[in-house]
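User: I'd like to go through some of the labels used for this model and see where they come from. Can you take me through them?

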Amino acid sequence: MKKSINISISVFVLLVFGIYLFNNPENLNSLKLINYNIISYLILIKIINLLLNSKFNQELLKVFKINLSFFEATYLSSITFLGNFYLPGKMGGNLRLIYLNRIYNFNTSQLTSIFFYFANITFLLSSLLAILSLLLIDTYKNLTYFLVLVSFVTVALITSYLMFKTFNLEVLPKNRINSWLNEVKKSWVQINSNLKVQIKLITITLINFLFFGIEVAVIFSVIFNDFLIFEIIYYNSISIFASFISVTPASLGFKDALVLVSNQIFSGEIFDLVSVLIIERAVGIIFSGLPFLVIIYKHLKKYLNLKK
């Protein structure tokens, strides 16, 4: 049922986006602004982001006594990226679970705790950066501005609380749901109680954010005349939120809605923001060839080993 809903939402959003581009073909002109050098810079940044995500997975899984090689961690990041970019319903996470379950007997409760921990760190850091950018951004302080600011402050408070929350492993009546919830809390505590791992994960995430920001800055430099540092930080924050919350491929529709609703905060026009979104998706499509090659190489290597 859930899968059908996700597919229906994705098809609807793709249809609406397609109709919009058909009626506004001038938005595609932004693709003419990027040359081979800019594409090369953006692809290089995405490679760094993929490798940082791989390192994050590698360090986090060590908590559960799973020691991935860096290539295997990169393979895991590759299938997650492709699943989330091309498939509906955050299928990248499902593909990751299938792999970890099949190879390492990793269960859904452990993966759930990992996902929520990753999301919590990401939401905490991105909301703090968004608050900073909103306080410093040179824009008219209208109702939209204050609603967005209050939303990010709320997220920051909730995620800060969860970051230091140690759940009590209560003895609940035995049934499948209670057992699963208890396992999720147990895995969360296992991660949250390891300060050394937390410092590593926060550091990796911050570096990742830096390169996400550089990617946005490169695209903004193509579209806008000015270097809008605080708009870049803000755009980067809502992009990260959208990547977690959206169930559509490449956060299509949801990310666009967040950006366009916040249009009054940006210095640019809606047309310029749509151009940024189009360039992002186009570069993502080009970059996706690399994760595909990682997957092909791994399976080819496995096949050749079996033939020996």
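**Labels and cut-offs**

Analyst: Let's start with Thr112, which touches Trp180 and Val184, leaving out residues up to four places away in sequence; contact means heavy atoms within 4.5 Å. This is a predicted model, where local features need pLDDT of at least 70, side-chain atom pairs count only at pLDDT 80 or more, and totals for chains, interfaces and linings use all residues. Numbering runs from 1 along each chain as its sequence is written, and side-chain values use heavy atoms, without hydrogens and water.

User: Why is Thr112 called buried?

Analyst: Its relative accessible area is 16%, and buried means under 20% (exposed is over 50%, partly exposed in between; 1.4 Å probe, protein chains only). So Thr112 is buried.

User: And what makes Ser221 partly exposed?

Analyst: Ser221 has a relative accessible area of 47%, so partly exposed is the label. Ser221 sits in helix α8 (residues 195-223).

User: Why is α5 called oblique to α7?

Analyst: The axes of helix α5 (residues 108-136) and helix α7 (residues 176-192) come within 8 Å and cross at roughly 50°. Angles under 35 degrees count as roughly parallel, over 145 as roughly antiparallel, 65 to 115 as roughly perpendicular, and the rest as oblique. Therefore α5 is oblique to α7.

User: How do the residues of the contact of α5 with α7 divide?

Analyst: Into seven nonpolar, eight polar and one charged. Asp, Glu, Lys and Arg count as charged; Ala, Val, Leu, Ile, Met, Phe, Trp, Tyr, Cys and Pro as nonpolar; the others, Gly among them, as polar.

Methods
Helices (H or I, at least four residues) and strands (E, at least two) are DSSP runs, numbered from the N terminus. Axes are lines fitted to C-alpha atoms, for helices over the stretch in contact, and angles run from 0 to 180 degrees between N-to-C directions.
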